[in-house]
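Student: I would like to go through the terms used for this chain. Please set each value against its definition.

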Amino acid sequence: MIQFPGDLELEDERVLLRPLQKNDLKFLLPFALNEPEIWTYSSVSVSGENGITAYIENAIQGRLSQKEYPFIIFDKSYNEFAGSSRFYDIQLALSTTQLGYTWYGKKFQRTGLNRHCKLLMLSYAFEQWGMERVEFRADFRNNKSIQAMKDIGCIVEGVLRKNMPLGDGRRDSIVLSILRDEWFDKVKKNLQKKIH
């Protein structure tokens, strides 16, 4: 059976992803205070100091319970921390995980950073970790996020109706995925072409 990662860092020429830690609050707090719209479609409110503190604490607890593996993202081209992402709903016995809780500060969006992060995370998931399936979900109204997932090679599987509570009711979640054979057959090559 595949194992839960230890201290995992993923890195290329553009980005470093390292495990999220409590003292990373100082790097992520400015986003929570100044760019609350980043989480418009999120099921978890991260805005404000209390929101980002709880977000970090919950993510770290998820790692300790081996259900999640959260990263903080450092953009080398800006020499700044840019956001966060994670593996979650990790099911080692089934060789599956979800990839999500991904967000970037506004100045890092549409800069190519997301593709670098996804290439690193998916390469790890399929090539080193041994996953058979990586799933993605998003609010069905979040067209920008859905298009980004399609652009990296995710296949739409369907929509879960009203499956998540949201501040203004419940959201429909679109489900997308990449399978191991798809990664090696075409997704990795296509993603690499879009980066280089």
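Tutor: We begin with a definition: a residue is buried if its relative accessible area is under 20%, exposed if over 50%, and partly exposed in between (1.4 Å probe, protein chains only). The model is predicted, so local features need pLDDT of at least 70 and side-chain atom pairs count only at pLDDT 80 or more, while totals for chains, interfaces and linings use all residues. Residues are numbered from 1 along each chain as its sequence is written, and side-chain values use heavy atoms, with hydrogens and water left out.

Student: Which exposed residues does α2 carry on the face turned away from its buried side?

Tutor: They are Asn50, Asn58 and Leu64. By the cut-off, each has over 50% relative accessible area.

Student: Which residues of α2 are buried, and what makes them one face?

Tutor: The buried ones are Gly51, Ile52, Tyr55, Ile56, Ala59, Ile60 and Gly62. Seen down the axis of α2, they fall within an arc of 160 degrees, and therefore they line one face of the helix. The arc is taken over the directions from the helix axis to the C-beta atoms.

Student: What do the buried residues of α2 pack against?

Tutor: They pack against α1 (25–34), β3 (69–75), β4 (80–91) and β5 (96–104). Contact here means heavy atoms within 4.5 Å.

Student: Why are β5 and β6 called paired?

Tutor: Two strands pair if DSSP finds at least two bridges between them. β5 and β6 have three bridges, in the parallel sense, so they meet the definition. Thr97, for instance, stands opposite Val134 in β6.

Student: How many bridges join β6 to β8, and in which sense do they run?

Tutor: Seven bridges join β6 to β8 (residues 169–179), and the strands run antiparallel. Ala138 stands opposite Ile174 in β8, and the bridge partner of Arg137 is Val175.

Student: What makes β6 mostly covered?

Tutor: Five of the seven residues of β6 (residues 133–139) are buried.

Technical notes. Helix = DSSP H or I, 4+ residues; strand = E, 2+ residues; numbered from the N terminus.
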